2 protein chains.
Amino acid sequence: MNAQIEKHEDSRLTRLQEILASGALRAAARLLKSLAPAEVAHLLESLPPTQREILWSLVDETCDGEVLLLVTDEVRTDLTRDMSTAEWLAAAENLDLDDLADLVHEMPDTVTREVISALDEQHRKRLESVLSYPEDTAGGLMNTDTVTVRPEATLDVVSRYLRLLGEQMPSDTDKLFVVNRDDKYLGVLPLWKLVSGNPEDSVAEAMSLNMQPLPASMHESDVARRFETHDILSAPVIDQQGRLLGRITIDDVVDIIREEGEHQFMGQAGLSEAEDMFAPVLTSIRRRALWLGINLFTALLASWVIGQFDTVLSQVVALAVLMPIVASMGGIAGSQTLALAIRGIALGQLSGKNARHLLLKEMAVGSLNSLIWAAVIAVIAGIWFNNLTLALLIGTAITINLLFAAISGATLPLILDRIGIDPALAGSVLLTTVTDVVGFLAFLGLATLFLL
Amino acid sequence: MNAQIEKHEDSRLTRLQEILASGALRAAARLLKSLAPAEVAHLLESLPPTQREILWSLVDETCDGEVLLLVTDEVRTDLTRDMSTAEWLAAAENLDLDDLADLVHEMPDTVTREVISALDEQHRKRLESVLSYPEDTAGGLMNTDTVTVRPEATLDVVSRYLRLLGEQMPSDTDKLFVVNRDDKYLGVLPLWKLVSGNPEDSVAEAMSLNMQPLPASMHESDVARRFETHDILSAPVIDQQGRLLGRITIDDVVDIIREEGEHQFMGQAGLSEAEDMFAPVLTSIRRRALWLGINLFTALLASWVIGQFDTVLSQVVALAVLMPIVASMGGIAGSQTLALAIRGIALGQLSGKNARHLLLKEMAVGSLNSLIWAAVIAVIAGIWFNNLTLALLIGTAITINLLFAAISGATLPLILDRIGIDPALAGSVLLTTVTDVVGFLAFLGLATLFLL
């Protein structure tokens with residue numbers, strides 16, 4: 001079944017590419033109409049620039065806004081480069097307020113002013129409230145489409161009120177929010193409690209008090225952790241005075257969790273999670289230049305270390321042959337410890353408090369592993385070059401480097417995190433610098449002492 | 001606020017560690033009672049072995065099952081090592097059926113039989129239905145606690161039925177499932193439609209038809225993608241005859257998405273997403289040995305290549321000093337392309353169809369980047385060793401290696417995926433093997449031709 005579904009996905013992409021290539025744009029537009037905005041976004045991300053542009057011109061104007069919010073930052077920049085003010089205004093229509101706030105961040109200033117002036121008083125106030133919080137906080141994430149009720153109302157009254165709302169009720173409402181006269185948040189009334197409760201009961205009797213509201217200034221990763229920990233579908237957001245500002249729904253949290261995972265993964269290669277697979281060549285070159293430049297600097301550092309030992313290298317060529325093994329084993333061992341530590345920090349499970357235990361454990365793993373592999377490599381090197389001293393040298397260098405690798409793998413991420421540098425981004429470069437330098441220094445330094 | 005909350009989390013961990021260290025176990029047990037199972041799981045994962053064991057013994061028996069399901073596989077194995085049959089039975093009580101099915105996979109066979117025989121007929125049948133599907137499919141993920149209604153009932157009748165159910169209604173119900181007499185799935189009735197609809201309307205009139213049911217055999221990553229694409233909170237699972245088997249809720253999907261992200265990230269370091277930060281030293285050594293062994297093999301391959309050029313190396317020591325730069329720049333450039341391709345495959349956005357475009361683009365980026373960096377490195381090497389030939393040699397070698405890096409970074413993951421090997425796990429090892437071998441071969445090979 002899995003294979004069938006993948007085939008289905010795959011065939012849709014192929015079919016669309018064929019249609020686009022054949023120029024049968026009407027057929028492509030028909031196919032597009034049957035897709036959800038997220039599917040359109042997914043297809044746009046999968047298409048090379050020329051076909052992407054054609055497809056984008058076919059997307060229905062009323063969907064533009066939603067699709068724009070679903071593609072990654074870079075693809076959005078690509079799609080909106082030539083958008084006119086009228087197109088921006090059309091895209092901004094039909095959007096929920098939280099989505100509109102996200103889109104406003106991407107608009108040219110002139111367009112923003114027009115969009116805001118097109119809103120009625122109530123919506124403008126709400127939008128400004130969302131925009132007043134940074135994008136990556138609960139306040140920036142929230143939507144203001146809450147349905148609120150008073151504690152003194154009966155469930156029957158609430159039911160009648162909801163029937164009056166009818167189709168105007170926000171469609172993914174799973175709970176109502178209970179507030180007092182001053183809009184202070186009191187609790188939640190889940191719909192399942194409303195429908196299964198006694199109609200004569202008051203909201204105060206039926207409501208649930210164990211839903212902790214989210215402060216508007218809470219960071220999005222803490223919001224995500226809260227949702228995960230308590231299996232929340234939607235949660236209230238409050239200001240410093242405890243007044244209900246809006247709600248956050250799980251679909252936005254899912255996006256955050258996906259992005260966090262991609263950030264860790266792409267960060268290790270020096271890429272942003274927003275990187276477009278089909279970014280223009282020049283953009284890609286510019287973006288990757290920095291990473292290659294940093295790496296060149298660390299590689300030169302390692303080369304400089306090697307350069308200090310040119311005398312011994314010119315006399316014992318076997319050292320040049322074997323030295324990459326010392327550096328490489330250290331890099332691999334260290335990156336395993338590093339990955340554990342980076343994940344631990346991201347999940348909030350590793351901090352100064354239990355770092356000592358991780359460090360000691362990784363040092364123990366590193367020492368024992370280094371003894372095993374030092375022996376294996378010493379035997380191979382000894383047989384290969386028929387040289388016992390060389391065998392002992394490389395074994396010792398491996399032991400030293402694996403121990404250093406364990407120590408740096410466990411401590412570097414914590415140090416980086418403490419001084420405010422993202423360990424997912426800088427960790428692996430720094431680690432390989434340490435393992436390269438220590439590896440070459442130990443191996444060639446020992447060789448100078450014992451082989452010359 | 002963010003800092004405050006982190007401090008709060010942090011201080012809870014510290015406080016607990018202090019309490020555990022001071023031996024005030026009652027106070028620790030009290031603290032535990034106030035936490036959600038996911039928070040207990042989180043704390044257990046954050047604690048070193050000894051403290052973890054003490055804490056686990058304090059967890060209330062009725063929560064054991066839930067906590068066990070929330071910790072990673074390895075921590076679970078650690079915690080359940082010495083569990084008695086009675087403890088297993090206690091842990092299995094109070095669990096939802098989908099959770100029970102997950103836990104059954106972890107139990108010793110003797111315990112499984114006892115757990116199943118303790119269930120009543122209806123629950124046993126349901127459990128067996130869930131267990132009959134692989135763990136990583138919709139059928140293995142689903143819970144059977146669906147509330148079903150018939151199309152001909154009126155909304156008023158449904159409301160009265162739900163009031164009868166009262167507190168027995170599954171608490172995270174956001175929709176009811178509409179089935180016919182033969183249990184065939186027909187559509188869904190979201191609670192918000194029920195509460196906002198006209199009580200006299202029939203379910204058939206009010207229900208929504210655009211919720212595609214999930215086949216029980218659908219793979220969990222496709223389930224996750226479907227939830228993300230359509231912002232679903234819960235979805236029906238059907239068998240091949242279209243009969244409703246159960247439902248999947250978003251909280252289980254969130255776990256899948258989190259695990260997919262961790263799999264990609266940890267896989268690059270040859271670790272499983274289930275790796276326990278505080279695994280026993282011997283377990284860690286055994287597990288990492290394979291990865292270090294594979295790496296040693298590839299490092300030896302690179303050394304063997306270098307060994308073929310010992311004549312030129314012994315005459316021009318600058319080659320030994322500079323050669324790590326050629327290999328390293330190739331590795332870095334290739335791993336950027338690799339990360340893009342692996343993510344593209346994981347998201348279903350990269351396949352044979354659009355691979356050609358990615359390959360061409362990455363080759364263009366690689367060629368242009370290689371020219372820039374070849375020039376920079378040639379100048380540095382030329383000045384350092386005051387040798388024009390050497391400068392030209394390293395420049396050419398860098399150009400060749402970056403082009404190979406782009407090609408392997410773009411094609412390796414697709415080839416691995418095609419032959420059924422996980423690119424997130426094997427990709428980076430294979431890529432660095434290519435860039436090391438090609439780098440040394442190009443640099444030292446050209447040196448042999450032009451410097452001897």
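Before the details, a word on what you are looking at. This is a predicted model, in which local features need pLDDT of at least 70 and side-chain atom pairs count only at pLDDT 80 or more, while totals for chains, interfaces and linings use all residues. Residues are numbered from 1 along each chain as its sequence is written, and chains are lettered from A and ligands numbered from 1 in the order in which they are written.

**The two chains**

Let us start with the pairing. The same surface serves both copies, as 100% of the contact residues of chain B recur in chain A.

How many residues of chain B are in contact with chain A? There are 108 of them, and they touch 108 residues of chain A. Here, contact means that the C-beta atoms of two residues, placed from the backbone, lie within 7 Å. On the chain B side, helix H19 (residues 317-346) gives the most, with 16 residues. Helices (H or I, at least four residues) are DSSP runs, as are strands (E, at least two), numbered from the N terminus. By class, this side of chain B has 55 nonpolar, 33 polar and 20 charged residues. In this scheme Ala, Val, Leu, Ile, Met, Phe, Trp, Tyr, Cys and Pro are nonpolar, Asp, Glu, Lys and Arg are charged, and the others, Gly among them, are polar.

**Domains of chain A**

Chain A is assigned domain 1 (12-137), domain 2 (148-267) and domain 3 (281-451), with bounds from an automatic or database domain assignment. The centres of domain 1 and domain 2 of chain A, taken over C-alpha atoms, are 28 Å apart. Their contact takes four residues from domain 1 of chain A and six residues from domain 2 of chain A. On the domain 1 side there are one nonpolar, two polar and one charged residues.

Two packed helices are described by the angle between their axes and the distance between the axes. Axes are lines fitted to C-alpha atoms, for helices over the stretch in contact, and angles run from 0 to 180 degrees between N-to-C directions.

| Helix pair | Angle | Axis distance |
|---|---|---|
| H5(B) (residues 61-70) and H8(B) (residues 97-104) | about 70° | 10 Å |
| H3(B) (residues 37-46) and H5(B) | roughly 55° | within 8 Å |
| H19(B) and H21(B) (residues 388-418) | roughly 25° | within 8 Å |

Angles under 35 degrees count as roughly parallel, over 145 as roughly antiparallel, 65 to 115 as roughly perpendicular and the rest as oblique. H5(B) and H8(B) are therefore roughly perpendicular to each other. Gly65(B), Glu66(B), Leu68(B) and Leu69(B) of H5(B) meet Asp99(B), Asp102(B) and Leu103(B) of H8(B). That contact divides into three nonpolar, one polar and three charged residues.

Pro37(B), Ala38(B), Val40(B) and Ala41(B) of H3(B) make the contact with Cys63(B), Glu66(B), Val67(B) and Leu70(B) of H5(B). Seven nonpolar, no polar and one charged residues take part.

At roughly 25°, H19(B) is roughly parallel to H21(B). Their contact has 21 nonpolar, seven polar and one charged residues.
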